[in-house]
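User: I would like a close look at one residue in this chain. Please set it in the context of the whole fold.

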Amino acid sequence: MIQSNIKAGVERLKSFHQRDGGFGYWPGAENADSWSTTYAGHFLVEAEKKGYLVPSDMLRKWKKYQRSKAQAWRRNQEAYSSELIQAYRLYSLALAGDPEL
């Protein structure tokens, strides 16, 4: 049961995946969502570590997107969760074996 749920989750994420490598909040969304992108990528990284088949292109594009967002990030006093999102983004990249400063 767990194995089929993980496989279904990976398949379902394909409908959230954007051309730029991010993930939308909803299937078919026009734009990527920062938190959803990091959360989805974290799931994919952990699934791959457990031996599940994760499309390498999806993970590669996700890493590239995350690196780009991490490098472009600037502290924003107005955005409540800006620092939290950046911290989670950096953590997920480190887990993926592709750390970013």
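In which helix is the place of Thr38?

Analyst: Thr38 sits in helix 2, residues 34-49. A note on the basis comes before the details. This is a predicted model, in which local features need pLDDT of at least 70 and side-chain atom pairs count only at pLDDT 80 or more, while totals for chains, interfaces and linings use all residues. Residues are numbered from 1 along each chain as its sequence is written, and side-chain values use heavy atoms, with hydrogens and water left out.

Thr38 is buried, and its relative accessible area is 0%. Buried means under 20% relative accessible area, exposed means over 50%, and partly exposed lies in between (1.4 Å probe, protein chains only). Leaving out residues up to four places away in sequence, Thr38 touches Trp62, Gln66, Tyr88, Arg89 and Ser92. A contact here means heavy atoms within 4.5 Å.

Now the fold around Thr38. The protein chain has 4 helices and 0 strands. Helices (H or I, at least four residues) and strands (E, at least two) are DSSP runs, numbered from the N terminus. The order from the N terminus is α-α-α-α. The radius of gyration is 13 Å, close to the 13 Å of the globule rule for 101 residues, so the chain is as compact as a globular protein of that length. That radius is taken over C-alpha atoms, and the rule is 2.2 Å times the number of residues to the power 0.38. Buried residues make up 34% of the 101 residues. Of the contacts between residues at least 6 apart in sequence, 53% join residues at least 24 apart.

Gln18 is in the loop between helix 1 (2-13) and helix 2. Gln18 is buried, at 12% relative accessible area. A polar atom of its side chain lies 3.4 Å from the backbone oxygen of Phe16. Beyond four places in sequence, Gln18 touches Phe23, Gly24, Ala29, Glu30, Asn31 and Ala32.

Val54 belongs to the loop between helix 2 and helix 3 (56-72). Val54 is also buried, with a relative accessible area of 5%. Its contacts, apart from neighbours within four places in sequence, are Val10, Leu44, Ala47, Glu48 and Leu59. Val54 and Glu11 are 43 residues apart in sequence, yet their C-alpha atoms are 8.9 Å apart in space.

Conventions
Polar contact = N/O pair within 3.5 Å; in protein donor to acceptor, adjacent residues only side chain to side chain.
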